[in-house]
Amino acid sequence: MVKIPVREIESFCRAPGSAIRAVLIYGADQGLVRERSNILLGGVVDDLRDPFRVCDLTGEEAGRDPSRLMEEAVSLSMTGGRRVVRVRGVADSFASTMAEVLKLPTGDTLILVEAAELAARSKLRTAFERAKDTAALACYHDEGRALEAVIADELTRQGITADGDARRLLVSCLGGDRMQTRNEIAKLALYVGPGQRATAKDVEDAIADSSFLSLDRIAHNVSSGNLDDLDRSLERALANRETPATILAAVRRHLTQLGLVLGLKERGVNEAQAMKSAHVLHFRAENALKDAGRRWNASLVHRARDYLFDAEARCRTGMPDTTICRRTLFEIARTAAGNAPRGH
């Protein structure tokens with residue numbers, strides 16, 4: 001496998017080179033998986049709708065009929081130019097099929113495989129790592145400076161600017177999914193108008209509420225033990241096609257922040273400074289963490305995060321992910337509800 005340094009991933013996607021015949025793009029950030037896949041596809045094929053140069057399959061289709069994938073992999077373009085066979089949404093069980101495909105003389109065809117998060121010892125990752133002419137690109141959630149850079153880039157693309165408070169609020173609201181981040185900033189641009197400068201109030205009106213009512217609201221309900229609103233907000237998110245793994249990851253990030261705040265407080269740092277050190281930028285998140293802080297301690301948070309990690313892993317194995325998600329969140333929320341301080 002050809003190792004692509006993180007700083008070179010974007011340029012690689014725009015021009016993968018003819019020596020690479022298969023690319024695996026995987027990770028928890030499915031928006032970033034799709035974005036990089038689209039960029040890579042566009043770097044090889046001018047017209048993405050050209051049926052002679054682009055074959056688009058789902059993981060289910062490829063798994064049900066491996067022979068079709070193999071036929072597509074060795075086929076030549078009737079109109080000239082490099083072909084791309086794109087396989088979306090594959091699971092680790094696709095590894096054996098992929099290993100067989102990589103043994104074939106695929107000529108100038110590029111095979112592009114998209115997957116969710118894969119463990120380090122994943123069989124699918126191993127299949128790519130053992131081949132000499134492949135690449136694997138991991139897609140992690142945007143955080144910190146990486147998220148700030150994505151936001152700045154999208155603001156420029158949309159033709160608007162944002163003041164400091166607005167940018168900080170954007171960082172607090174976004175980052176779980178690259179495509180969602182870009183879509184939300186496009187919504188902000190539509191709200192403020194071309195060439196305008198967005199304020200924190202504009203972000204509140206255009207983005208923050210919708211974000212809070214989805215993943216943030218679920219996370220806050222879990223940490224506060226609000227079972228009734230958790231049920232409503234979880235149903236809403238699932239109806240809006242949020243994936244169970246994405247929901248679990250959002251709750252895990254919230255508990256990570258809670259654990260940092262609690263850990264600092266246990267070392268004698270006052271609450272305000274602990275919130276600042278943990279980069280709590282939005283008042284709703286601050287209020288949720290303050291409420292949760294009366295119910296949790298750092299040790300309990302650590303155990304809950306491990307439980308969430310395990311649930312995320314099980315969601316990626318083909319088990320009933322919605323059931324796993326619901327059961328996990330309600331078990332953690334019941335723990336929080338049972339730890340309510342007296343008089344609460």
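Predicted model: local features only at pLDDT ≥ 70, side-chain atom pairs only at ≥ 80, totals over all residues.
User: Why is Arg 252 called buried?

Analyst: Buried means under 20% relative accessible area. Arg 252 has 14%, so Arg 252 is buried. Its place is in helix 12, residues 244-266.

User: Which residues does Arg 252 touch, not counting residues up to four places away in sequence?

Analyst: Arg 252 touches Arg 305, Leu 308, Phe 309 and Glu 312. Contact here means heavy atoms within 4.5 Å.

User: What makes strand 1 largely enclosed by the rest of the structure?

Analyst: Count its buried residues. Strand 1 covers residues 22-26, and five of the five are buried, so the strand is largely enclosed. Both faces are covered. Ala 22, Leu 24 and Tyr 26 lie on one side, with Val 23 and Ile 25 on the other.

User: How do you know that strand 1 pairs with strand 4 and with strand 5?

Analyst: Pairing needs at least two bridges. Five bridges join strand 1 to strand 4, residues 110-115, and the two run parallel. Strand 5, residues 134-138, also pairs with strand 1 in the parallel sense, over five bridges. Ala 22 stands opposite Ile 111 in strand 4, and Val 23 stands opposite Ala 135 in strand 5.

User: How much space lies in the second largest pocket?

Analyst: The second largest pocket holds about 680 Å³. It is lined by 25 residues, and the closest to its centre are Ala 116, Glu 117, Cys 315, Arg 316 and Thr 317. Strand 3 (84-90), helix 12 and helix 15 (298-315) each give two or more residues to the lining. The lining divides into eleven nonpolar, nine polar and five charged residues.

User: What is the reach of helix 16, and how does it compare with the expected value?

Analyst: Helix 16 runs over residues 321-338, which is 18 residues. From first C-alpha to last it reaches 26 Å, close to the 26 Å expected at 1.5 Å a residue.

User: Which residues of helix 16 are buried?

Analyst: They are Ile 324, Cys 325, Thr 328, Leu 329, Phe 330, Ile 332, Ala 333 and Ala 336.

Terms used
Residues numbered from 1 in each chain as written. Heavy atoms only, no water. Helix = DSSP H or I, 4+ residues; strand = E, 2+ residues; numbered from the N terminus. Expected span 1.5 Å × (residues − 1). Buried < 20%, exposed > 50% of the residue type's maximum accessible area, 1.4 Å probe, protein only. 1 Å grid on protein atoms, 1.4 Å probe; cavity = no way out; pocket = protein on both sides within 12 Å on 5 of 7 lines; lining within 4 Å. Points joined across faces, edges and corners; volume = space filled by probe spheres on them. Nonpolar A, V, L, I, M, F, W, Y, C, P; charged D, E, K, R; others polar.
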